[in-house]
Structure formats: C-alpha cells, structure tokens
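Subject: Structure handover

Hello,

Here is the structure I promised to pass on. Please open it alongside this email and follow along.

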Amino acid sequence: MLVEADNAPVRGLTSPQRDRGRLTATTAPFSLPSFSSLELRSMGSGRTLKFALCEVLQFAGLCVPLFIVMQRFAVIVAKVKTSAQPPGDGSTAYWLIVASSIAYVTSTALLVWVPMKYMVFMKKKFLIGRKKWRPVALVYVILSTLPCFAFLIASSEVQINNNMQHDTFTELPVSLVLFSLICIDVVERIRHCRLTGQGNDMERDADIPSTVLTHVEQVTPVTPAVPGPAVPGPAVPGPAVLTPMPANQHNDRNQNGPGTRPETNGTVPGIPGNPGRPFSISGLSSRSASTTAYRMSPYAYTGPLRFLCASDARAEVLVDSFMFWMDTVEMVRVAGHPVVYYSGWVFPIYIFSFLSCLRVVVMPHSPLLSSLGVALQDFPFFFVRVGLVAFFGFVTPVLYLMKNLLVCLAFIYFNFVTRLRVFNTERMFF
C-alpha cells in the first residue's frame with residue numbers, strides 16, 4: 001500500500017512539493033542500534049550500581065538518625081539515673097535504650113521497609129498505580145522522622161522534670177534528621193534519571209513547569225467580498241467582515257512593537273473580541289507546551305558566554321529540594337535555643353514540623369502541594385512564630401513570619417476571594 005501511494009501521481013503539485021509529501025526510495029531504512037555484549041554488560045552494571053547506591057543511601061537515612069538520637073537520649077537518661085537520690089544504675093538504662101533502638105530498626109526494616117520496597121519495585125497497583133503519592137517517603141516519615149521528633153520532645157521533658165540542662169540537641173534535628181529527609185526526597189526524585197550524559201532540554205521543561213504565554217499564531221485577515229452589483233432583497237445576518245491591516249502595521253506587531261501592548265481592560269491583542277488584531281493567543285500553558293509548540297528550548301543561548309547559562313534539571317532537583325524544606329528547617333532550628341528547648345514550646349514546634357514533613361508524600365509539582373503547604377505549614381507556622389516572638393523575642397526571623405502571612409493571604413485571595421461577584425470582572429483595575 002505504501003509503494004502504491006508513493007508512486008501515485010499527485011496532481012497540482014510541483015516536483016519539490018511531491019518529494020516533501022511522500023516517501024521516496026532514497027530514504028535511509030530505519031535500523032535499531034546495535035550494542036555489543038560488552039556495552040550491554042556495562043549498561044546493566046551501571047543500573048545495578050545506581051540501584052544499590054540509592055538503596056544504601058535511603059536505608060542509611062532511615063537508620064542513622066534513629067541510632068544517634070536514641071543514643072543521645074540514652075545518655076540523658078543515664079545521667080538522670082546517676083544524679084538521682086539514691087543513685088541508680090545508669091549503665092543498665094543506657095544499654096537498654098540502645099538495645100531497644102537496634103531492635104526497633106531491625107524489626108521495622110524486616111517487617112515494613114523491605115516488603116514495601118519489594119512491592120514498589122514489583123509495581124503493585126495499590127502502591128504506585130496512580131503515581132500521585134510516594135509510599136517510600138510516607139514510610140520513612142512515619143518510621144524515622146516521627147520517632148526522632150518524639151525522642152527529642154522526651155529528652156526535653158526528662159531534663160525539665162529533673163531540673164537539669166545537659167543537652168539541647170542544638171544542631172542534631174536540623175543537620176541530621178531533616179538532612180536525611182532531604183536526602184530521601186532527592187533520591188526519590190532523581191533515581192529515575194540518568195546520572196551520565198547531558199540532560200535533555202525537553203525533559204527539563206516538562207519536569208519544571210511554569211506559567212508562560214505560548215502558541216502565538218498568525219491569523220489570516222479576512223478580505224472583503226469581490227465588489228459587484230448589489231442584489232436587491234432582504235438583508236441576511238452574517239459574520240462581520242474584517243478589514244485587512246496595512247503591511248507596515250502588520251510587521252510592527254509581528255516584531256512585538258508598540259502595537260502589541262495589552263489593552264486597558266486586560267485583553268491582549270489577538271484574542272477573539274478584539275477585531276483587527278493580527279495575532280491570536282491560544283492561552284496559558286506550561287513550559288512543556290511551549291517546547292512542544294516551538295520545538296526548541298527557551299534556554300538555548302549562543303555566544304562566548306553561553307557557559308554561564310548552563311543548567312540541568314538533575315542539578316536543579318537538589319535546589320528544589322532544599323528550598324522546599326527551608327521553612328521547616330528554620331522552625332526546627334528555633335527549638336534548639338535553650339530558652340525554647342527547656343519550655344513547653346517544643347511540643348507545638350515539633351508537632352507542626354512533623355505535619356509539615358508530610359508534604360513529602362505528595363509527588364513533586366502536584367496540584368495538592370499548594371493547599372497542603374498552606375494547611376500543614378504556613379498557617380500553623382504563622383501562629384507558632386507569633387507566640388515565639390511574643391514570649392521569647394526575636395528567636396525566629398520576622399522574614400519567615402511575613403512569608404507565612406503573605407502566602408496564606410495570597411492563597412485565600414487568589415483562590416477564593418477573586419471568585420466573588422465584586423471581584424469577578426473582565427476589566428482589570430490593577
């Protein structure tokens with residue numbers, strides 16, 4: 001069938017036009033790339049190495065924070081035992097807590113972590129069927145982050161009840177517990193990417209979406225009908241006929257000149273409803289749609305300084321992950337102040353910080369992250385920081401306080417208030 005269609009004559013087309021629209025015998029045949037056994041073996045060993053590295057990092061992130069936090073808690077309990085009247089056996093209490101931590105990590109790894117990993121890699125539908133959440137992150141937060149925060153609160157209460165100030169865990173919650181959580185987040189994001197070779201700009205645009213103006217297309221002007229004698233009869237309603245624009249004005253608008261400025265009522269030249277505009281804009285879409293429309297990367301720069309514009313989505317994963325946790329890191333850091341740690345404020349700080357950690361369960365760039373960020377982080381953090389500033393002074397920067405307030409107000413305004421009748425207008429006042 002392809003040969004017959006190829007040899008069939010195409011009327012009304014010149015020879016170059018026919019060559020562009022059909023298959024020719026000179027077209028190179030499609031062939032699959034051939035790999036030698038050594039290349040296939042190296043590819044398999046590379047995947048195995050990356051798989052083993054990711055699993056070791058995640059398992060270390062699960063175990064190490066638990067061991068260190070529980071060991072520090074055991075030291076505090078041992079000091080309380082030895083300083084009590086009469087003195088108790090601090091060594092027995094210390095080793096009992098350490099043994100309990102080892103038993104907890106071993107049991108959770110064998111009964112929960114390893115079976116869950118097996119089901120994830122076997123692609124069980126009830127775990128990864130819809131790909132809207134990350135079961136590995138959920139299990140990690142419950143098995144590691146929650147016990148660490150619980151023992152931090154318990155350490156504070158033990159020292160307060162026994163009138164001693166031995167250990168405030170100054171950098172441990174941030175530098176170990178949250179850093180391990182960030183590592184789990186980074187591994188979950190990057191484990192499906194190639195770690196060798198150059199990144200693909202198309203994948204970069206699809207992975208990091210943003211709202212941009214895309215798909216600007218030219219509208220063919222409608223020419224008036226051929227003049228002729230008027231036909232008597234009743235007027236027939238029909239679409240209005242547009243007058244063609246002058247060529248110089250058409251070119252000015254093509255070059256984004258002064259003619260392409262937005263109108264005063266918020267409309268953009270070219271949208272239906274603005275007659276006489278030579279362009280139409282199909283709408284707002286993600287950066288991936290822009291790449292699909294133009295088949296070129298918006299990040300392609302030329303010139304001698306193009307190395308300054310180098311970027312890769314795999315490297316930006318680390319930036320996104322650390323920026324995602326900055327507010328939680330600052331909240332946990334506040335609990336390390338002695339005046340805050342030896343007070344009852346460690347309860348709301350660590351409780352709401354744990355709720356903020358639950359955001360990692362949702363897939364990156366999910367529409368749920370906006371509402372979850374306000375409900376689990378910005379809204380409760382705002383009231384906690386107001387209380388901290390009122391009782392202890394500026395132990396937390398006002399910058400984060402204003403960030404929580406403005407994010408909450410912007411979310412409520414742009415998602416709910418603008419839907420009211422008084423704000424729902426086509427004319428832009430601001």
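This is a predicted model: local features need pLDDT of at least 70, side-chain atom pairs count only at pLDDT 80 or more; totals for chains, interfaces and linings use all residues.

**The second largest pocket**

Start with the lining of the second largest pocket: helices α11 (313-324), α12 (326-334), α15 (368-392) and α16 (398-415) each supply at least two of its residues. In total, 17 residues line this pocket. G373, Q377, D378, K403 and V407 lie nearest its centre. The space inside comes to about 340 Å³.

The mean pLDDT of the protein chain is 74. Of its residues, 63% reach 70 or more. Helix α14 (residues 346-357) has the highest mean pLDDT of the elements, 95. Strand β2 (residues 279-285) has the lowest, 37.

Two stretches call for a careful look. Over residues 202-217, pLDDT stays under 50. The model has 51 contacts there beyond four places in sequence. Over residues 233-245, pLDDT also stays under 50. For that stretch the model has 11 contacts beyond four places in sequence.

**The chain as a whole**

The protein chain has 430 residues, and 32% of them are buried. It has 16 helices and 2 strands. Now take the contacts between residues at least 6 apart in sequence. Of these, 74% join residues at least 24 apart.

**Inside helix α14**

Which residues does S353 touch, leaving aside its neighbours within four places in sequence? They are F149, T328, M331, V332 and F381. S353 itself sits in helix α14. Its relative accessible area is 0%, so S353 counts as buried.

V346 is in helix α14 too. V346 counts as buried because its relative accessibility is 0%. Beyond four places in sequence, V346 is in contact with I153, S156, V340 and Y341. V332 came up above as a contact of S353. The C-alpha atoms of V332 and V346 are 9.1 Å apart, and the two residues are 14 apart along the chain.

**Cysteines**

The structure holds 0 disulfides. Is C357 buried or exposed? C357 is buried, because its relative accessibility is 0%. C408 has 9% relative accessibility, so C408 is buried as well.

**Salt bridges**

How many salt bridges does the structure hold? There are 11. Three of them are described here.

Begin with R191 and E55. Their side chains meet in a salt bridge, at 2.9 Å from N to O. R191 lies in the loop between α7 (172-190) and α8 (201-207), while E55 lies in helix α3 (residues 37-83), so the pair ties together parts that are 136 residues apart in sequence. Both R191 and E55 are buried.

R191 has another partner, E188. The closest N and O atoms of R191 and E188 are 3.7 Å apart. The cut-off for buried is under 20% relative accessible area. R191 is at 11%, so R191 counts as buried. E188 is at 14%, so E188 counts as buried too. Salt bridges that share partners join E55, K117, E188 and R191 into one network.

D185 and R189 form a salt bridge, at 3.2 Å from N to O. Both lie in helix α7, 4 residues apart, which is about one turn of the helix. D185 is buried, because its relative accessible area is 1%.

**The cavity**

The structure holds 1 cavity of 30 Å³ or more. The space in the largest cavity is about 30 Å³. Which residues line the largest cavity? They are R134, D185, R189, F324, R359, V360, V362, P364 and L369.

**Where to begin**

Move on to R191 and trace its salt bridges to E55 and to E188. Finish at the lining of the cavity, which includes D185 and R189.

Best wishes

Terms used: Residues are numbered from 1 along each chain as its sequence is written. Side-chain values use heavy atoms; hydrogens and water are left out. pLDDT is the predictor's confidence in each residue, from 0 to 100. Contact means heavy atoms within 4.5 Å. A disulfide is a pair of cysteine sulfur atoms within 2.5 Å. Buried means under 20% relative accessible area, exposed over 50%, partly exposed in between (1.4 Å probe, protein chains only). A salt bridge is a side-chain nitrogen of Lys or Arg within 4 Å of a carboxyl oxygen of Asp or Glu. On a 1 Å grid over the protein atoms alone, a cavity is a set of points where a 1.4 Å probe fits but cannot get out, and a pocket is an open set with protein on both sides within 12 Å along at least five of seven lines; lining residues have an atom within 4 Å of a point. Grid points are joined across faces, edges and corners, and a volume is the space filled by probe spheres set on the points.
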